[in-house]
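Work through the exercises below with the sequence and the model open. Try each task before reading its solution.

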Amino acid sequence: MLFILFIMRSTIVIAFMPVLTTANAAQDAWASAVVAGVGALVLVIVIGALGTRFPDQTLMEYSQKLVGTILGKIISLIYLWVFLFLAAIDLRIYGEALITGFIPETPLVFIVTSMVIASAFAAYSGIEAIGRNADFIFPVFVAMIVASLLAAIPQMQLMRLQPVLARGIRPVLVGAITPVAITLQMLTLTLLAPSVLQPRKATRTAVWAIIGASLVLVASTVVTVAVLGVDPSARSVFPFFRMVRAIRLTEFLERIEALAMFAWGFGLFVGVSTFLYCGARGLSQVLNLNDYRPLIGPMAVIWIVLSIHGVTDMFQLRSFFRPEVAGPYALLLILVPQGILWAAYAVRRLAARESGGQEGRAKP
Amino acid sequence: MLVRLVRGLLKAIKSQSTQPGRKRPEDGLFPNGLDISEREVVTGQLKLSASLETNLKNIKEATGDSVDLGIRRFRVGGSQVKGAIVYLDGMVDSRAIEQLIEDLTIELFKTRIDLADSLAVYEAAKETFVPQKSVEEVSDFAGLWDKVSMGGTGALFDGTNKALVIETRGWKTRSVEEPAAETTLRGEREGFIESLRVNTSLLRRRIRTPHLQIKSVFVGSLTKTEVAYAYIKGLASDDLVREVHDRLEKIDIDGVLESGYLEEYIEDTSFTLFPLMERTERPDRVAASLLEGKLAVFTEGTPFVLVLPTQLSTLLQAPDDYYERLPIGSFIRVVRFIAFTMSIILPGFYVAVVNFHQELLPTVLLMRIAASREGVPFPAVVEVLIMEFLFEVLREAGVRLPRAIGPAVSIVGALILGDAAIRAGLVSPAVVITVALTAIASFSAPVFSLAIAARLLRFIFIVLGGAFGLFGIQFGLLIMLTHLSALRSFGRPYLAPFAPLIARDLKDTLARVWWWRMTTRPKLDAFREPKRQGEGHEPRV
């Protein structure tokens, strides 16, 4: 599970993270990345801690216990929307990148569809298969990222990172909003945790995953800015790729961006299959179905359509990820439902303590 | 007169009206038109009678008086009690038969029992043989035949409705030779043969502990093949042993000629290209697996022993890795892993790069390939598919041909066809290199069944690479990976110890650690006794 969350988070890094931070914070993007890491950590602890109180239940199950069936189902549906939406966007970005960089004549539908088919197959095989996939992909994934970062070292010019904090702390904080917003994906934790061997340790695992992924984010931001300079990395759509494309170690080791593309594809696959699994599993629990598998097919089709028609082009997507849009949107989706659940939990616990003096876990 | 005539007529009509399936006295045991399962039922119910003549008649009838059925009559002590021995010629040691007759006649006579009492003779015979040979008592035809068909000799006495079966097995087997399909540079040269008992003895000689336990199950309603499974009690999990036993017991088939039959019955899922158990001809491989808590299934009549459960990484290990010194052993293993990956995706990768991603190649290499493809009439996909197919045909021909003509095929195939095809401009040299490289890579898989899986996957990847480029290859890899992740061999994850990641067991995967460092057995296989040896046994200066 550590690997699943780690890969999901780091995939975003390769995808387009540096551009988001550099846009606001310029050469201090790395500081934004650090802040973002801390912010994400807080959110994950908020999300995870509630789950730890109900170790063998998913969010769909305990939310209904806490705030009643109808409100609980509404909250669950909001979360399901998040999964659907995030996965669709992930897919779209990946598709766009492939088309711009590698196979310009291939239709987007084709790329998205085949990725969803592969993910649906994984989701259909169950959470065990997804977890093992992540286990297997993890070393390959990390090796590819580390290799591309290391190979970029000769091209780095650390002067480009100066001056530090020239425009004050504000842009740094603003730049951190979007990466924090994408912590939305960590909501899958609420569905994955009950399937883990030790559900109580799930939050701790997620924290480690965030820390690891944040390190990758910081490192790749530093390298990208140092290799490309502030302006090109802020303007380019996929700065990480541009950075990798700039790598030229010797005569033979050049144009290794296919490697990064592979890493991204693997990461995306893990992410999307997790979303698909969580989405289907969550929906089956909202609808009180016994098996989530029949839902995968229809959901996969919806995702394909959504990722193609949900967004008109790359620029719309970019404007969505601007801090003033993505920030409130995501925080609303995380904080409001979580707030309601925490409040309900607190109330119930107080009530329980007053009535019977029972210690600890609320069991309404 | 008239009355007798009428009676005769009536009798004739009656006998005609009897349905063909029902038994008529003149048909003996088996009325005409009985099919095999009905015959089985009859022989299964056939009891031995007290009369020697009836017994012999029944045996002759049940076996159709086959030419290899040997029946020798004798009289104990000259005249009193009649007896006979029944055996299958060629299955028994002829000297043992001579000895047996001598024992039954002369030795029994010497015991000075009342030779008129058939029961006493029978008991005396039993007593006489017990110390010398394995003797069993049977009371029906099925039991008798069960032993006789395995090389036993049945001794029948007039007046007793039981028979003695004496062990006289003595058929010819191939001698123990070097295994043909799995060779090593260093390591033992003995391989399993077709005889199950010899095979289990080869294993016994390597693992002498009494806790090495071998149990057998008879599979096949007609072949009644002995299938034995061996494990080290206390090391192999009891659940696994029970599961294997249950799966073997459940098989309902008329005949088992090779362990491949069993494989399809007892594997976890049939919908996979990958072998879910290891098959090997090498006793050292089996012994090593047993020491890790695995289980081996021997089948009578084949030198291929199934070892289960297995993991993908185990299938890529060869005995040499452990016998050679560590750096070499680990290095060749890494080479083998790379070669296996190559044997799956190399041709597909070539097609993808040449068709879609020329920019990934260094410029000089790209120019070379482009120049060599000049004038080739086919697209790269078709070219590679043709060559791969050709190679499969060559390989198949090489396997089927008599050994003497084998080299001729390789000369015609490789030298003449390959060279001429390039000169004629039908295929480009780059494709021939790719295909040849892939072929050589696929030969490096130590377990043949894995190499076959790679052969089929290769074609899938060629098509994916040709149609969708590297993206298609990635798609294929992802599907394959998911499939492998979901695969289980007897409940154990197939990709272990990579996924799920078991850090402790990584010591023996891509590379291996020193023998004195292998302090634990694989976690999933060895259930209660993971410790192999103590710590700190490294050699000291």
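**Exercise 1. The open sheet**

What is the strand order of the open sheet of 5 strands in chain B, and is the pairing parallel or antiparallel?

*Solution.* Start with the conventions. The model is predicted: local features need pLDDT of at least 70, side-chain atom pairs count only at pLDDT 80 or more, and totals for chains, interfaces and linings use all residues. Residues are numbered from 1 along each chain as its sequence is written, while chains are lettered from A and ligands numbered from 1 in the order in which they are written.

Step 1. Read the order: 1-2-4-5-3, with antiparallel pairing. Strands (E, at least two residues) and helices (H or I, at least four) are DSSP runs numbered from the N terminus. Two strands pair if DSSP finds at least two bridges between them.

Step 2. Find the edges. Strand 1 (69-76) and strand 3 (135-138) of chain B each have a single partner strand, so one side of each lacks a neighbour in the sheet.

Step 3. Check one pair. Strand 4 (residues 152-157) and strand 5 (residues 163-167) of chain B are antiparallel over 5 bridges. Ala163(B) in strand 5 is the bridge partner of Leu156(B).

Step 4. Place the helices. Helix 3 (residues 52-62) of chain B packs on the sheet and touches strand 1, strand 2 (81-88) and strand 4; its direction makes about 15° with that of strand 2. Helix 4 (residues 94-110) of chain B also packs on the sheet, touching strand 1, strand 2, strand 4 and strand 5, at about 15° to the direction of strand 1. Axes are lines fitted to C-alpha atoms, for helices over the stretch in contact, and angles run from 0 to 180 degrees between N-to-C directions.

**Exercise 2. Interface and cores**

Which elements of chain A touch chain B, and which residues have the most contacts inside the largest nonpolar core?

*Solution.* Step 1. Count the interface. 21 residues of chain A are in contact (C-beta atoms, placed from the backbone, within 7 Å) with 22 of chain B. Helix 5 (108-125), helix 6 (127-151) and helix 12 (257-286) of chain A each give two or more residues. Helix 5 gives the most, 6 residues.

Step 1. Find the core, a set of buried Ala, Val, Leu, Ile, Met, Phe, Trp, Tyr and Cys residues joined through C-beta atoms within 7 Å. The largest has 161 residues; those with the most contacts inside it are Phe83(A), Ala87(A), Met115(A), Val116(A), Val272(A) and Leu276(A). Helix 12 of chain A gives the most to this core, 16 residues.

Terms used: Contact = placed C-beta atoms within 7 Å. Buried ≥ 20, exposed ≤ 12 C-beta atoms within 10 Å, placed from the backbone.
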